Amino acid sequence: MENKNLFTVGELAKQMDVTVRTLQYYDQQNLLKPSHKSEGGRRLYSKKDMVKLHQILSLKHLGFSLEEIKTKLFALETPHEVSQILWEQRQMIETQILDLKNSLEAIDALREEVIAIDKVDFSKYADIIYLLKNQNKNYWVLKKFSPRLENHVRERFGNPLTSQTNNLYDLYLSILDEAVALYDQNAAPESMQSLALAQKWWQLIQDFTGGDMTLLPDLMAFNDSRDSGWDSEISQKQTLINDFLGLIISAYFKQNGLSFSVPKEV
């Protein structure tokens, strides 16, 4: 071209290392329009347009959207306003970095679980990802559940992280701590405190199973797996009071004239 200060779309794209399609899109979005025309009606970009394109690309590099650049940034008039919007952008990027870091941690955790599960199970993968996403550190419970217990949780409670399942888990932890305290006090299985605790424990089982006692073998197998894959602190507590719980449950059943046998696995 004769005028070295004007550029065709192709020339500007080459100069600024962008695609022609990008410039055409910016034109369509009224973000950057060619400011000149040749005698033949060809639309041309000026040096001023090139400077504006440089500004757009630089702000885009900072994570601003084209809409933000067009409607907010180019409308700013004072250094304070520019500083404020840069601060807001910084906070947003920090949040994104944290989210990405959490995603990386979830990927690493899931990779470990995939190897541990030792079979392709996208249903379980999805549940683990859901729990990790919600920063629920109790997902170890789900991964130790048998397929039958997993299906039961979904059918009875919906997804693995409802307020109801969280409440049951919190209740379990509370009962566990109470059992440890009674055990440390050498409480007799027939004491009022022990029997009250046994009633809470049995009610917890009822609430979880919905009265389906055929789930007990799976729950017992889950309990027997506490040496591997459980939260270490909870595993230690459960191991400590396991026999004591059996004694107080037996005493509770005896006092209330109840009899019970564990159903065979189905």
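**View 1. Packing of helix α1.** The buried residues of α1 pack against β1 (6-7), α2 (20-28), β3 (43-46) and α3 (47-61). Packing here rests on contact, meaning heavy atoms within 4.5 Å. Helices (H or I, at least four residues) and strands (E, at least two) are DSSP runs, numbered from the N terminus. The model is predicted: local features need pLDDT of at least 70, side-chain atom pairs count only at pLDDT 80 or more, and totals for chains, interfaces and linings use all residues. Residues are numbered from 1 along each chain as its sequence is written, and side-chain values use heavy atoms, with hydrogens and water left out.

View 2. In α1 (residues 9-16), the buried residues are L12, A13 and M16. They line one face of the helix, because they fall within an arc of 100° when seen down the axis of α1; the arc is that of the directions from the helix axis to the C-beta atoms. K14 and Q15, on the other side of α1, are exposed. Buried means under 20% relative accessible area, exposed over 50%, and partly exposed in between (1.4 Å probe, protein chains only). Just after α1 comes D17, with a positive phi of about 60°.

**View 3. E150 in helix α8.** Helix α8 (residues 147-157) contains E150. This residue counts as buried because its relative accessibility is 4%. Apart from neighbours within four places in sequence, E150 is in contact with K124, D127, L142 and F145.
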